[in-house]
Amino acid sequence: MPEKQKDKPDMQKLVESLSPNERRIVGFLEVGDLDKLRDESGLDKTSLLRALEFLSNKGILTLRSKEEKVVVLSINGLNYKRDGLPERRLGGVVVEKNSLSLMDAKKESGLSDNEFKVALGALKKRALINIVNGNIVLVGGKDVFVEKTLDEKFLELLPKKFSELEPEEKFSFDNLKSRKNIVEIENKKIVEFDLTDLGKELVKVDLTSLKNMIESVTPGLIKSGSWKGKKFRRYDITSDVPKISGGKRHFVNQATDYAKRVWLDMGFKEMSGSLIQSGFWNFDALFTAQDHPVREMQDTFFINGEAELPASGVVEKVKKAHEGGIDGSKGWQSSWSEDDAKKVLLRTHTTCLSVQTLKKIAEKKEFPAKYFALGKCFRNETVDWSHGFEFNQTEGIVVDENANFRQLLGYLKEFFKKMGYEEIRIRPAYFPYTEPSLEIDVFHPVRKEWVELGGAGMFRPEVTIPMFGRHIPVLAWGPGFDRIIMEFFKVEDLRDMYKNDLNALREKKVWRK
Amino acid sequence: MTIITFDRKELEKKIGKIDEKMEERISMFGTVVEDLTEDEVSVEVFPNRPDLLSFGGFVRGLLGFFGKGKGLKNYNVNKPLENYNVVIDKSVKSVRPFTACAIVKNLKLDDARIKEMIDIQEKLHGSYGRNRKKLAIGIYPLEEIKLPIKFLARKPEEIKFQPLEFPRAINGRQILSQHPAGREYGDLLKGAEVFPIFEDANGEILSMPPIINSEKTGKVGFETKDVFIECSGFNLDYLKKTLNMIVCALADMGGEIYEMEIVDKRKWVSPDLSSDKMEFSLDDLNKTLGLELSVKEVKGYLGKMGIGYGEGVALVPCYRTDILHEIDLSEEVAIAYGYENFEAEIPEISTIGCEDKVAVLKRRVDEILAGLGLLEVSSYHLSTKDVQFKKICKKGFLDEVIEVLDSKTENNILRTSLFANSMKILSENSDASYPQKIFELGKVFGKCEGGSGGESGDGSQLQRPIPHPPTRIGGVEIATSGVGGIVEKERLCISLCGEGMNFTELKQGLDYLMRMLGVEYSLEEVENESFIVGRCGSVVVGSKGEEGVGEKRVVGVMGEVGLSVLKNNKIKMPVVSLELDLSCFVE
């Protein structure tokens, strides 16, 4: 760390910041070799490496790491190191018995077929045994067996860097490599280090006085008061710590919570209701003609079954609005089928809740009134980065005898400002259930362009009259919410909103508004 | 939503140079510019304005909006000449009862105009005509036809002609099976015993609507000067409007419109290009828009939209289909006034905000669980049988499957369990660090027992792996019941996955949650296909009935997840899970 080297470090502070493990190795740093350092300090490898890492952070040494081929024991090799090579085990049996049948030898030595074959070969090659009439006969002297073979010696000194193998070790390596799972070559990260100038100075410092430094605060320490007059070991408070993560709300829900607060602040009551709706509430009550393409299976999820239609004459009024029109409206001038209205479907917008709310408040005559909804809606779509079959929509309605188009703009400006969009633009649009209708664009401050965020309008008399009995102005707007969420959380692929990648969820920043 | 593309130079010749400001103004007419290149302009036309789908119609509308029009435009119509008749035969009444027809003469057709004519036809077929379901349009070179025309129906085998772009004559039935248009639109004639045709005075077949024209008499070319146009279908008003849109577009190209006499039960003359009269109250308008416009101003604004106005009555041009109610005229005024010119206003009405009770409860549960270090996940409401049933070892699930029809993805059933989804999530996260402690709050779906209607709680609950509690408790709607016989239930699922995760670990969590929300509960041992035998229990709460008598109710299930379930989901760590109905928290 160059900055650290710039400041002249205070040697006393530096010394006081050494942890016990660091202290244990500082004295041996001049050795320079990791293995030796380990032997001298008695630290395990992980602790040693960590201590070196910390020393490096303190500018005492520089770490270098390189890849190196190292010969290590494989699974059989580990066993043989403990129990002896198969030829050692067979040899032991033969020495004891002088001569015995092949079958007995195999049994006594406890070797597998393969090991037994290899062991016989190895002993024969060294001319220690002979096979006569199916019996193994000892040929060489018994004392030859006592001596460790080159192969055995080699096994004992592993792991060893491949580049440092002596010629006879290389020979043993080739020999053992041809046998099954005894030795193998691993690419190991070899860590080396060099002392910095600071380090060279440090190793000269006498550290014995530091034995009295306090490492951790314990209940005993507090009680005894023995800390008085002693120093605490200094921490390197700048060093990195392992990451942790906590429990938290899903980021989409954090965003919806925020949007709800915006609505509540503006004095809106929450509407909730079923995800499953009838064609009547999702379409007919919203003056969406029965032959409108959105009502086809191509676009909407239908479910087998039949929904009940509301009582109290609403159905008749809606039917009339569609067929011949009401209040001077021409209607759609085509016959209206109750079967289509009874179809069961997954709601395609939260507007179905708004129109049901109109019905409810008409009965109680509770207006002016302001309501909002926020929830999942569905459409029969394939899934790609910008499309999905589930999406979040939020929606607000204002029911007021005196509501007008200019007020709609007022609410929109206020709502989007609170959602973080200072500049909005509205332009003419078309929805079957609103008139006038408009589309809301917000100005994207980074992309410097208008981005479409949703629709709004005033409910048509064909929608309000069947619910209220007369036309009462209703302002309504329903921005798609996923776009706002994606924008804030920098989600570029809609699919990531429901991917439930736990690593990503743990790292996701929280909604800050 | 239709995107139409015009030649940029042609359009600029009519409306002026398209710069950034012009682009903005085009959008403010309600036709947002989707794409602008050196050669082409693409705009979006909403489905309520089929009259803007033609070049002529678009230019007409836009120029008016820019203040360069002359208000309501009247098109000149000539009286029918000799034999300008279309006779509707009784035979066609059962299969395609109506047609509206006209003749347009002296067209000067070139490549661009022929393309435009075909384009209008196709766009109208697709949008206003609902893919020919509502109506079909035919345009024929008058030179190839001998008037008068007959509209009749015959058995498909008796109809024989060479359809457009086809090498030989075939019969009506063969057209449906062999011609591309027949294959695409054949369903529209499904089940009909006779098929409709237009036939000329020589007995030559002109077309078989709504499928295809004849190659011989139904193909317009450069040499064509005069055309016969027909719209046929089921609703005469739609047909008349469609015909008006086409003849006005052709008149804009320089053609002369001629009437024809339609001989039906009674005779009538087509086309009818007279304006529709609609009463329009200035008070209603000003109240809706929050403006104070005078008669003169309104007349000016409506004029910009091509609509006449005088003495409280608006005159709507014959090609407009979207003016159903006077509210639609208010929007016309608003567009002409300019959406950008409205001053925003927030009224001083006092209302009090209020959040849904279930939503509040869910957030409390969320806070408690997040406090325990659990991570909230969120999964789709649509799922697969594999995830929802097979992989969690559920048997005999067919009765519980709620299918959505014709799903475009593999997700074609509604979820019945959050636990099943949590297994999928753990399965997909084997590379994330452990322990993985997740939870989800959300709706699951179930069938009402005994068809549509409310409650579904009965004694069999105890045997059910995931219980079906009553839908209403204490008047608060925790589960919405009934649409199409399907109940929606609010659930909580917790899954803890990792070394050392066991029953005790989760029971501690459940216990904490229940204590914090003040709910007394007990666990009763139960067997469940998804969990290890002897390590699974039902969560039981005692609800106070109306008479104050304690009544036990199963509200959830928890246990150590069975090893077959883990294997099916390729989960390599122990998992313990809970699925709980939120109804237990509602007082």
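In chain B, Glu10(B), Leu11(B), Lys14(B) and Ile15(B) of helix H1(B) meet Phe55(B), Phe58(B), Val59(B), Leu62(B) and Leu63(B) of helix H3(B); contact means heavy atoms within 4.5 Å. This is a predicted model: local features need pLDDT of at least 70, side-chain atom pairs count only at pLDDT 80 or more, and totals for chains, interfaces and linings use all residues. Residues are numbered from 1 along each chain as its sequence is written, and side-chain values use heavy atoms, without hydrogens and water.

**Helix pair in chain B**
- By class, the contact of H1(B) with H3(B) has 7 nonpolar, no polar and 2 charged residues.
- H1 (residues 8-15) and H3 (residues 55-65) of chain B pack at about 35 degrees, with axes 10 Å apart. Axes are lines fitted to C-alpha atoms over the stretch in contact, and angles run from 0 to 180 degrees between N-to-C directions.
- Helices are DSSP runs (H or I) of at least four residues.

**Chain B against chain A**
- On chain B, 83 residues are in contact with 94 residues of chain A.
- The buried area is about 7800 Å², with 57% from carbon and sulfur atoms. Buried area is the accessible area (1.4 Å probe) lost on being put together, summed over both parts.

**Polar and charged links**
- Between chain B and chain A there are 11 salt bridges. Each has a side-chain nitrogen of Lys or Arg within 4 Å of a carboxyl oxygen of Asp or Glu.
- Glu24(B) forms a salt bridge with Arg425(A), the closest N and O atoms being 2.9 Å apart.
- By class, the side of chain B that touches chain A has 38 nonpolar, 22 polar and 23 charged residues.

How values were computed
Chains are lettered from A and ligands numbered from 1 in the order in which they are written. Buried area is the accessible area (1.4 Å probe) that two parts lose on being put together, summed over both. Ala, Val, Leu, Ile, Met, Phe, Trp, Tyr, Cys and Pro count as nonpolar, Asp, Glu, Lys and Arg as charged, and the others, Gly among them, as polar. Helices (H or I, at least four residues) and strands (E, at least two) are DSSP runs, numbered from the N terminus.
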